[in-house]
Amino acid sequence: MKNASLLILVLAAAALQAQVTYERLLRAPDEPQNWLTYSGRYSGWHYSTLSEITTTNASRLAMKWVFQVGDLGQFETTPLVVDGVIYGTGQNDRAFAIDARTGRAIWRYQRNLPDKLQPCCGMVNRGFAILGNRLFMATLDAHVIALDTKTGNLLWDVTAADHHQAYTFTVAPLAVKNEVVVGISGGEYGVRGFIDAYDAATGKRLWRFNTVPAPGEPGHKTWKGDSWKTGGVPAWITGTYDPELNLLYWPTGNPSPSNYGGEREGGNLYSDSMLALDPDNGKLKWYFQFTPHDLYDYDATQIPILLDAEWEGRPRKLLAQANRNGFFYVLDRTDGKFLFARAFGHVTWATGIDQDGKPIVNTSLKTTPEGTRVCPGALGLTNWYTPSYSPETGLIYVATSSECDIFTSAPQPYRAGHDFLGSVYVPDPVQRPTGSLKAIDALTGAEKWSFPYFSNPNGGALSTAGGVVFAGDSDGNFIVLDAKRGHDLWHVQLGAAIYSTAITFEVDQKQYVAIPVGSALFAFGLRE
Amino acid sequence: LRTISQGVPGTEMPANALEDSEIRTIIAYLRALAPPRNISVAGDPAKGKKIFFGDVGCSTCHMVEGVGGVLGPDLSRVGAARSVSYLVDSIRDPDKELSSGMTDPNNHYGLPLVYDTVTVVTTSGEKIIGVARNEDTYSIQMITMAQQLQSFLKRDLKEVSHQRRSLMPPYSEDALDAARLQDLISYLETLRGMDEKEVR
C-alpha cells in the first residue's frame, strides 16, 4: 500500500512538470482528465467525454473538498485543470493554483489594483488561459499579465488601455498558436472597444482589432458624427477558434450609450456582432450583426459554438449562438452566411428575423422618455452564462431569464470614465423574473425541454458523455439533470448565487466536477 | 444604489452618471442624516397608536418596536422610509404596490421577494396560505396566516402559487374613516427606528 501511494505521488509530481503546448490545446478533447481552455476546447462546447458520473449514479455525488478564495463579490471564474493542478482567478483579480486531489493551495496571487476602478458589474474575472509554463490573465486595470504556472510569479505585465477611461478586463483570455487573445470591457462607459493579441512569450502586442471603425475604415459610416469615438462595443467574453479555417470567432457587445440611439444613428458596426478574425494578423474575414442599432443592451457576448453537421444535404461548418436578444442563430462559419434564427423565449423587440438575418424590429417599442416595456430585458434572454453542446444529444443547453424591463431613454452627455447609458431601465414591477435551463436542438432551434429555476440565472451549463448536464441557479443550487429529458437527478444547496459554470476533470481515474459558488470552489465526485 | 444610478421611471428621479463608489458615499451620507422630527400630516399620533394596537388590528400582523405580529413588514422605521401618500395607499389599497422582502446579498442581479400571497397545497390536499420569507427552485420558507414559520420542500407539495395581491385587507372609509386614517398616519410618521434600550 505504501509503495502504491509512493508511485502515485511520483506520477503526480512528474505530471506537474508538464507543459501545455499549442498542440495539446488543439487536441484538448483527447485529454478529458484536464480542462485546458475556457470552454474546455476550441469549439466552445463546454462538454466532456468523461462518463463516470451518469444518469444512474448522479444521486451518489458527494463533496470532495472546498477551496476558499478569501474574497467577496461575484466568483465568475471558469478554472483550468492541467495534470492534477487547478488554476483559477477570483474576485478583485486574485488568482490561485490548487491541488486537484485535495483542494489545497499551491500558490496564491493578488493583483495590486488601483483604488478607483469602474467595472460595470463587479470586480470579477472569468479565468486564465494557459500556454507553455505561463498562465495569462486580463486584469481589471486593463493590463494583460503572465504568471508562472508553478509559482504564480509575475513573468510579464503589459498595459492594454487606460483604466482611468473605464477600460477594464474581465474576460478569460484565449491562447492560440503563440499568442494570447483578449477583448476589452467598458461598454457602459463609452470606451472604444477592441480585441488584442499578445505574444505569449514576451507580452508584445501583435495586433489590435478596433470594434468601432475609424474614419475611412469599412463600417465607419454606420456611426453618426463623432459618436464612434465613444461607441462602446466591448468584447468581454472568450471567443472560439477553428484551426482548420484558421478563424477566430469573437462576439461583441452593445453600442454606447446602450439605451439611447439618438446620437448614434445608423447600424453601429461592429456592435452586437460575431466577428471572424484571422488570428495571424487580426484582419476581419467576415462579420454578422445580430442587433443593428441596439437600444436594449443586447450584447452578443455569448460563446459561439462550432459544430460540423449535415445541412440541407451536405456537410457544413456551422456556428450556433443563443443570443442575448432572444433569438437562436445558426451561421455558416466559413463565410458568416445566415442560415436560420428562431426565438428561444418571449421576445417583443422584434417580431422575427428575415431571410437575410436582419431583425424585423417592432418599431413601437423604441425606448422613450416615458418608458417602454421590452422583452427580453436589458440582461437578455441569456447572457454571459456559458452554454454547452452535447454531440450525443445534439442539444445546446442555455440558461435563460424571463425578465422584461421598462426602458426609458434620454440623451446623456459623455464624460470620460463615467457611466454612459442614456437610460434608465428597471424590471417590470408586476412580473417577478424567473429562469430556466433550456435544451435547444442545435440544428432547428426547437426547444426539447426546459428545467425551471425560481430566479433568473447567472450561471451556465456543462454536459458530459455520462448523459448529464451540470448547472447552477441564482439561489445557490448546484443541479444535475438528465441531458436527454431534463429530469432532475440530484442537487445540493451551496449557499450563494452561482455566477459561473461547472468544469469536470479526472484525478486518480476518478471523475470530479467543480463549481465556483460564493467565495469558494466546490469539488464533487461519486461517494466511494 | 440602483435608485440613484438608474433613477425611477415615471418620476422626476433621473439616472445619474456616478461611479458606484460615489453612490455608496451618498448612501452613507443619507443614512447618517438624523430623521426629520416634523410630522407632515395632521392627526393625533397618540390616537393613531391606539388605533394601530387596537380594534383596527394593524398590530395583529405588523410589529412596531418589538410588539405585534410577524406576517407583514416590521413598521418600526416606516415613518422614515415611506412617504405619507405611500402609507395612505398601503392602507386603502394594499395591492397597489407590494412591499419588498429580503434581498439576497449574494445575488448582484437578483430582485427581492415581495409580500404577495402564497398558497401551497400539500400532497394530502391541505391548503396553506401565507407570505414567503424565502424561496428557491426546491423549497419555500413561509410565514403562514397562523403566523407560524413553516418550511416546505416543493417535491412534497402539489402546488405552489403566487397571487399578486397583499394578504392585508384594504381599509375603506367604512373600516377606517378619514379622521382616524389621519391619526394612524400621523402615528406611523413618528416611527423612525429605535435604540436598543427602547425595546420593550
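A:Gln321 belongs to strand E20 of chain A, which covers residues 314–322; strands (E, at least two residues) and helices (H or I, at least four) are DSSP runs numbered from the N terminus. The model is predicted, so that local features need pLDDT of at least 70 and side-chain atom pairs count only at pLDDT 80 or more, whereas totals for chains, interfaces and linings use all residues. Residues are numbered from 1 along each chain as its sequence is written, chains are lettered from A in the order in which they are written, and side-chain values use heavy atoms, without hydrogens and water.

With a relative accessible area of 1%, A:Gln321 is buried (under 20% relative accessible area, 1.4 Å probe, protein chains only). Beyond four places in sequence, its contacts (heavy atoms within 4.5 Å) include A:Pro251, A:Met274, A:Phe290 and A:Tyr329. The side chain of A:Gln321 also reaches two backbone oxygens, that of A:Ala300 at 2.7 Å and that of A:Gln302 at 2.8 Å. A:Leu206, 115 residues away in sequence, lies 28 Å from A:Gln321, C-alpha to C-alpha.

Chain A as a whole contains two helices and 38 strands. The C-alpha trace spans about 75 × 50 × 45 Å along its principal axes. Of the 528 residues, 66% count as buried.

Technical notes
Buried means under 20% relative accessible area, exposed over 50%, partly exposed in between (1.4 Å probe, protein chains only). A polar contact is a pair of N or O atoms within 3.5 Å; within protein, one must be able to donate a hydrogen and the other to accept it, and residues adjacent in sequence count only if both atoms are side-chain atoms.
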